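Dear colleague,

Here is the structure we spoke of, handed over with its sequence. My notes follow below it.

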Amino acid sequence: MTYSTALFEPARLPGLDLPSRLVMAPLTRNRAGADGTPTPLMATYYAQRASAGLIIAEASTPNATGQTYPNITAVHSPAHVAGWRQVTDAVREAGGRMFLQLQHGGRVGHPATSGLTPVAPSPVPLPETIHTPRGRLPSVVPREMTSDDIRTTVADFARAARNAIDAGFEGVEVHSANGHLLHQFLARNTNLRTDGYGGSVAARIRFTAEVTEAVAAEIGAGRTGLRVSPGNTVNGIAEGETEDLYPALAERLGGLGLAYLHLVHADPDTRVFRNVRAAWPGVLVGNPVLKEVSTREVHRASGALLAAGADLIALGRPFLANPDLVTRLRLGAPLNAMREGTFMYVGGATGYTDYPALDAQPAGASSDSIVALDGDRVA
Ligand SMILES: Cc1cc2nc3c(=O)[nH]c(=O)nc-3n(C[C@H](O)[C@H](O)[C@H](O)COP(=O)(O)O)c2cc1C
């Protein structure tokens with residue numbers, strides 16, 4: 001097959017040069033301490049992946065109420081900042097650059113995990129069980145956020161962003177995707193509010209916009225990214241008006257000069273992708289839809305997205321299982337088999353820092369003989 005070498009070209013965010021267009025997508029791995037403090041093992045894991053053009057580190061909670069699952073990372077105490085500092089130092093020493101994703105779970109949370117009742121735009125529970133330290137439990141009805149809660153949560157995001165910069169990150173990504181708090185405000189079925197944060201499209205995008213604006217005001221728009229997942233139904237979401245929500249958000253935030261807008265499940269054949277691309281004046285990161293996790297498929301899907309106007313390509317599972325993903329993609333080499341049972345909730349190094357790099361592969365591992373579009377044989 002042929003592939004576009006554009007993936008390996010240098011790229012630029014406002015204020016940050018990237019050696020390639022390949023971004024490691026945020027991946028929750030539940031390897032933090034019980035209080036959310038990053039561990040030395042996490043420094044090893046991220047440093048192994050420092051050849052990514054940019055690493056977006058896993059979802060980290062900006063306050064105690066926002067905790068989703070056991071052993072996720074947090075960024076609201078001095079201990080969290082010190083823990084993250086070990087990680088960013090290790091990545092920088094290995095030649096890499098990192099943003100940190102800020103995620104409040106909203107109704108995706110449980111008192112058995114955080115010790116607190118989850119909060120959400122409206123008291124609509126997650127229609128599924130949820131993972132807790134006591135195993136999977138039925139979800140609880142979240143408490144509807146007051147206008148005070150809204151103000152303090154916005155402020156918590158801004159403070160967490162400042163903490164991330166103090167911890168050595170280049171910037172942060174505001175998580176408004178995948179059914180977490182900000183997405184719960186965007187979606188019609190989880191947001192029943194009548195106070196200016198619910199109802200119309202303009203009102204439903206308001207909380208995401210205010211969080212993003214507050215983070216940008218705190219650390220600079222050029223250090224602030226935003227992740228959204230148009231149409232994603234994960235965590236019981238039914239957005240309604242998907243086609244209107246995301247272009248409206250892109251238009252509201254387009255003048256700020258944000259680092260980037262990041263689309264989950266970016267499909268160049270959809271109207272929402274084309275409309276968001278048209279409405280967004282800045283860097284667009286696309287997380288392609290992979291039909292399988294293979295070198296060939298990553299090249300196919302990434303090439304199609306770049307051709308349709310994405311600027312950077314974010315990959316999750318390929319980076320999870322391949323510390324040297326950039327080299328493998330350049331060479332057309334095969335990817336390691338993923339061990340899905342070790343993705344989350346197991347802790348420890350197994351399935352985390354023990355995926356081998358190419359030079360540690362057994363002799364005879366063959367490549368796919370991928371040929372670059374410019375005709376150079378690279379394998
Ligand atoms: C184990 C795992 C953890 C994830 N954690 C996060 C997360 O913390 N934040 C987020 O926005 N997406 C998260 N995702 C979604 C990924 O960022 C990505 O969108 C998804 O895996 C699809 O991309 P891929 O096909 O390249 O893996 C996670 C996915 C997996 C498999």
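What follows covers the ligand site and then the salt bridges.

Please keep in mind that this is a predicted model.

Asn-287 places a polar side-chain atom 2.5 Å from a ligand oxygen. For Arg-227, a polar side-chain atom lies 2.6 Å from an oxygen atom of the ligand. Pro-26 takes part through its backbone, with an N or O atom 2.8 Å from an oxygen of the ligand. On its own the ligand has 610 Å² of accessible area, and the protein covers 86% of that.

Salt bridges. The count comes to 18 salt bridges. One of them pairs Arg-159 with Asp-156, whose closest N and O atoms are 3.1 Å apart. Both Arg-159 and Asp-156 belong to helix α4, which spans residues 147–166. Within that helix Arg-159 and Asp-156 are separated by 3 residues, or about one turn.

Regards

Technical notes:
Residues numbered from 1 in each chain as written. Predicted model: local features only at pLDDT ≥ 70, side-chain atom pairs only at ≥ 80, totals over all residues. Heavy atoms only, no water. Polar contact = N/O pair within 3.5 Å; in protein donor to acceptor, adjacent residues only side chain to side chain. Areas by Shrake-Rupley, 256 points an atom, 1.4 Å probe, with all protein chains shown as cover. Salt bridge = Lys/Arg side-chain N within 4 Å of Asp/Glu carboxyl O. Helix = DSSP H or I, 4+ residues; strand = E, 2+ residues; numbered from the N terminus.
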